[in-house]
Amino acid sequence: MLGFSKSPWIIHYDASSCNGCDIETLACLTPLYDVERFGVVNTGNPKHADIFLVTGAVNLQSRDVICNIYHQLPEPKVVVAVGACACSGGIFSECYNIAGGVDSVIPVDVYIPGCAARPEAIIDGVVKALGVLEEKHRSMAAIANSIDKTILERAVQADVPEILALQKIAYQSEAEIYGDDSLPALQQSLADMQADFDQMIFLKAVVNGKIIAAVRGRVMGTTGDISRLVVHPYFRGRGLGPRLLVEIERAMPPEVTRFEARTGHKSKRNLESYARHGYTVFKTEQFTPTIQWIFVEKQRK
Ligand code: SF4
């Protein structure tokens with residue numbers, strides 16, 4: 001944790017600012033404030049960042065970019081809204097193209113008011129963000145230490161937003177493997193998953209009240225179609241995936257005599273896991289120029 005608090009890596013995104021808050025943010029790096037001497041690093045790569053600092057209100061163009069950057073930051077992460085526009089939409093809040101403040105698309109941890117926000121306030125906000133980051137690290141570590149107390153159970157409708165957020169985090173590593181984020185799991189909307197919920201069996205793995213893994217299955221005649229087996233990246237390699245796979249097979253009704261699943265051709269870990277559980281490949285299908293689906297099956301014993 002010391003490394004995070006002594007040298008926070010920050011990524012800055014201008015959502016649609018008038019540039020006032022951007023200039024103040026950059027002023028923090030100039031010799032007068034020189035936050036780099038405290039170890040603060042302004043990175044351009046979300047995968048290296050701990051803190052996501054956003055200036056300006058969210059408009060229809062920046063909304064998707066904000067979500068994209070946010071999902072690429074590794075967990076735990078902290079979001080800081082800098083200036084009145086990022087906090088609430090500010091003077092632009094009633095414009096036809098403004099969706100609102102940053103919290104209209106992603107959760108915000110620290111709000112820095114001001115128009116423009118002063119560099120001293122921004123530095124103070126980053127220090128607060130470090131406190132939040134430390135707290136999130138502690139809670140993740142506590143969850144990891146209680147992993148043996150994980151409960152596997154049927155999800156309820158109210159779990160859908162949390163499962164969708166988990167799915168988007170978990171599938172980032174797949175998008176990286178293929179250099180392609182058009183995977184259906186990353187594109188799924190809340191309404192779409194809510195519709196799925198009425199027709200599928202959703203299982204979740206819960207520890208300390210947090211959903212850290214999930215899977216779903218659909219009954220199609222005598223076939224049980226298993227999909228979206230997701231484990232939070234922080235909790236991988238602890239046997240949650242195999243446990244969920246066994247549980248979803250058990251949860252299928254008696255008329256199901258065969259299980260089917262699919263994964264991408266480069267997802268070696270998934271393919272090995274299915275093979276270990278007795279699944280064999282029965283067909284392949286080109287999905288995009290970069291992704292080929294491998295379909296696996298297994299007879300119920
Ligand atoms: S808060 Fe003020 S200075 Fe900052 S982006 Fe909005 S209008 Fe510009």
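Visitor: How do the residues of the shell around the ligand divide into nonpolar, polar and charged?
Guide: In this predicted model, the shell has seven nonpolar residues, six polar ones and no charged ones.

Visitor: Which of the 13 residues around the ligand come nearest?
Guide: Those are Gly20, Gly83, Cys85, Cys115 and Ala116. Two elements, helix H2 (20-27) and helix H4 (83-88), each give two or more residues to the shell.

Visitor: And which element has the largest share?
Guide: H4 does, with three residues of the shell.

Visitor: You mentioned Cys115 and Ala116. What kind of peptide bond joins them?
Guide: The bond between Cys115 and Ala116 is cis, with omega at about -5°. Ala116 belongs to the loop between S7 and helix H5 (119-145).

Visitor: Where else is there a cis peptide bond?
Guide: Glu75 and Pro76 are joined by one, with omega at about -10°. Pro76 sits in the loop between H3 and S5. For context, most peptide bonds are trans.

Visitor: Turning to H3, which of its residues are buried?
Guide: In helix H3 (residues 62-72), the buried residues are Ser62, Ile66, Tyr70 and Gln72. They lie on the same side of H3 because they cover an arc of only 165° around the axis.

Visitor: What covers them?
Guide: The cover includes strand S1 (9-14), strand S3 (51-55), strand S4 (58-59), strand S5 (78-82) and helix H7 (172-178).

Visitor: Changing topic to backbone angles: what is phi for Asn19 and for Asp34?
Guide: Asn19 has a phi near 90°, and Asp34 has one near 45°. Both values are positive in a residue other than glycine, whereas most such residues have a negative phi.

Visitor: Where are those two, and are they buried or exposed?
Guide: Asn19 is in the loop between S1 and H2, and Asp34 is in the loop between H2 and strand S2 (41-42). Asn19 is exposed, since 12 other C-beta atoms lie within 10 Å; Asp34 is likewise exposed, with 11.

Visitor: What about the chain as a whole?
Guide: The protein chain has eleven helices and 14 strands, and its C-alpha trace spans about 70 × 45 × 35 Å along the principal axes. Of its 301 residues, 33% are buried.

Visitor: Last topic: where is confidence lowest, and where is it highest?
Guide: The lowest is in helix H1 (residues 2-6), with a mean pLDDT of 61, and the highest is in strand S7 (residues 110-112), at 97. The chain averages 90, and 98% of the residues score at least 70. Where pLDDT is low, the predicted coordinates should not be read in detail.

Conventions
Residues numbered from 1 in each chain as written. Predicted model: local features only at pLDDT ≥ 70, side-chain atom pairs only at ≥ 80, totals over all residues. pLDDT = per-residue confidence, 0-100. Helix = DSSP H or I, 4+ residues; strand = E, 2+ residues; numbered from the N terminus. Buried ≥ 20, exposed ≤ 12 C-beta atoms within 10 Å, placed from the backbone. Arc of directions from axis to C-beta. Contact = placed C-beta atoms within 7 Å. Near = placed C-beta within 6 Å. Nonpolar A, V, L, I, M, F, W, Y, C, P; charged D, E, K, R; others polar.
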